[in-house]
Amino acid sequence: MYYSHYAAPASVEEAWALNQKRSNHILAGGLWLRFMKQPFDTAIDLKNLGLDRIDIFSDSIRIGSSVTLHQLETDATLNTMTGNAFRTSLQNIVGVQFRNAATVGGTIFSRFGFSDLIPLLLVLDASVTFYGGDHRTVPLREFLDFPFSRDLIISVEVPNQNRKVVCRSQRLSSTGFPVLVCDTAIVDGRVITAIGARPARARLMEQQLEETPSHFIARVQSDVRYESNLMGSDAYRRYLSGIFLKRNISELNEGGMIL
Amino acid sequence: MTVSLILNGEKISAEIEPDQMLLNLLRSLGCKSIKCGCDTANCGACTVWVEGKPILSCSYPAARADGLEITTLEGVQEEAASFAGFMADQGADQCGYCNPGFVMNVLAMRRELPNPTEDDVKIYLAGNLCRCGGFVSQHRAIHAWLTQNAEEDQK
């Protein structure tokens, strides 16, 4: 990572304005940006914007974009609400030192396919607030399809409600990139699941009314697009998704049968 | 540009390049315990504390550390020496290159997790890679050290 100038602006507006120059880049955790070989002009550090907080409101929990993955992993409220899903989902990412730098904003902005966090946030019905001249909030599932822009992610919001999420991932080594991620919850009697590391970015699937869990599992395997890479074949990922989803549903039903 | 840090309890100002990483800065200031292992935020050999939290100094911009408290192995020598004895007893040191980062993370773990389980230890230390050993001896050393610390805390 090579840059000529370092800036730590005092406001979101100032940071956004700096980021409109194509040769400038936002410095979130910096763990992926550090691999950029092409020199750029200014690294824009968000450290002074107060975005490193998790705020709890009566109906929502706001996670600032500079909140680190380790903060999420260890947050008592988020884990109690989700049945320790944040801990389960994030604890396999490289190491604590890495997770003390990697941020929510960096993960979401990049829409990484290998992200462990994005599938979990999808299942939690998260929204993203970003600044592009004004503040705007959209569901995460819509944001993932937005084209990349030079807007600034401010925060992620999840509803402040209990929603147990079961998270499973397959990895070739315990701290490496996932081969597949499958996070599942049951909401109003219907299964919702997010399949990540397909290897493409996560896809949210919801059980239809009158659809049996078994049929839903088969539909997830057939309708979600899986691809092959060095870590695994499309067939392997498709097979795994069915197994993981079945196990997740069983765990959510406390060992009950899949019908 | 100039940055001001509190390095191992001492206020320091230093001239840096804007894109200089903390690892390079700290080594230039005499903290030779910090090792550059992978330089890709994977191995943990470069672990230092920023505001008490373990981070990978090879991937942490020095400019970001302005005004912050930085702790290296040089700043926790007494506590580190205590743990190092257990590492030596269990034959957990071979080339020693991973050791400083490993020790920094173990000490950080004890501060963050007062009574870690075996799984807690494995998860917390997963970011410290050792090419020489098989991690078993290191876990034995940690377990023995934690046990002694717990006994001393009870006294």
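View 1. At 18% relative accessibility, A:Phe112 is buried (buried is under 20% relative accessible area, exposed over 50% and partly exposed in between, with a 1.4 Å probe and protein chains only). A:Trp32 is partly exposed, at 47%. The model is predicted: local features need pLDDT of at least 70, side-chain atom pairs count only at pLDDT 80 or more, and totals for chains, interfaces and linings use all residues. Residues are numbered from 1 along each chain as its sequence is written, chains are lettered from A and ligands numbered from 1 in the order in which they are written, and side-chain values use heavy atoms, without hydrogens and water.

Over all chains, the structure holds 13 aromatic pairs (rings of Phe, Tyr and Trp, the last by its six-membered ring, with centres within 6.5 Å; planes under 30 degrees apart are stacked, over 60 edge-to-face and the rest tilted). The ring centres of A:Trp32 and A:Phe112 are 5.4 Å apart and the planes meet at 65°, so this pair is edge-to-face. A:Trp32 is in the loop between strands S2 (24–27) and S3 (40–45) of chain A, and A:Phe112 in the loop between helices H6 (104–110) and H7 (117–123) of chain A, so the pair ties together parts 80 residues apart in sequence. Helices (H or I, at least four residues) and strands (E, at least two) are DSSP runs, numbered from the N terminus. One aromatic cluster is formed by A:Trp32, A:Phe35, A:Phe112, A:Phe114 and A:Phe177.

**View 2. Arginines over aromatic faces.** A:Arg34 lies over the face of A:Phe35, 5.8 Å from the ring centre. In chain B, B:Arg110 lies over the face of B:Trp145, at 5.8 Å from the ring centre. The criterion is NZ of Lys or CZ of Arg within 6 Å of the ring centre and within 35 degrees of the ring normal.

**View 3. The four-stranded open sheet of chain A.** The strand order is S9-S10-S11-S12, with antiparallel pairing (two strands pair if DSSP finds at least two bridges between them). Strands S9 (166–171) and S12 (203–206) are the edges, each pairing on one side only. From one strand to the next, the twist averages 15°. S11 (residues 190–196) and S12 of chain A are joined by four bridges, and A:Ile195 has A:Arg203 in S12(A) as its bridge partner. Helix H9 (residues 213–223) of chain A packs on the sheet, touching S11 and S12, and its direction makes about 150° with that of S12(A). Contact means heavy atoms within 4.5 Å; axes are lines fitted to C-alpha atoms, for helices over the stretch in contact, and angles run from 0 to 180 degrees between N-to-C directions. In the loop between S11 and S12 of chain A lies A:Pro199; the peptide bond from A:Arg198 to A:Pro199 is cis, with omega near 15°.

**View 4. The hairpin of chain B.** Strands S1 (residues 2–7) and S2 (residues 10–15) of chain B run antiparallel, joined by six bridges. B:Leu7 stands opposite B:Glu10. Two residues separate the strands, and B:Asn8 in the turn has a positive phi of about 50°.

**View 5. Positive phi in two loops of chain B.** B:Asp39, in the loop between helix H1 (22–28) and strand S3 (47–50) of chain B, has phi near 60°. B:Glu51, between S3 and strand S4 (53–56) of chain B, has a positive phi of about 55°. B:Asp39 is partly exposed, at 35% relative accessible area, and B:Glu51 is partly exposed, at 47%.
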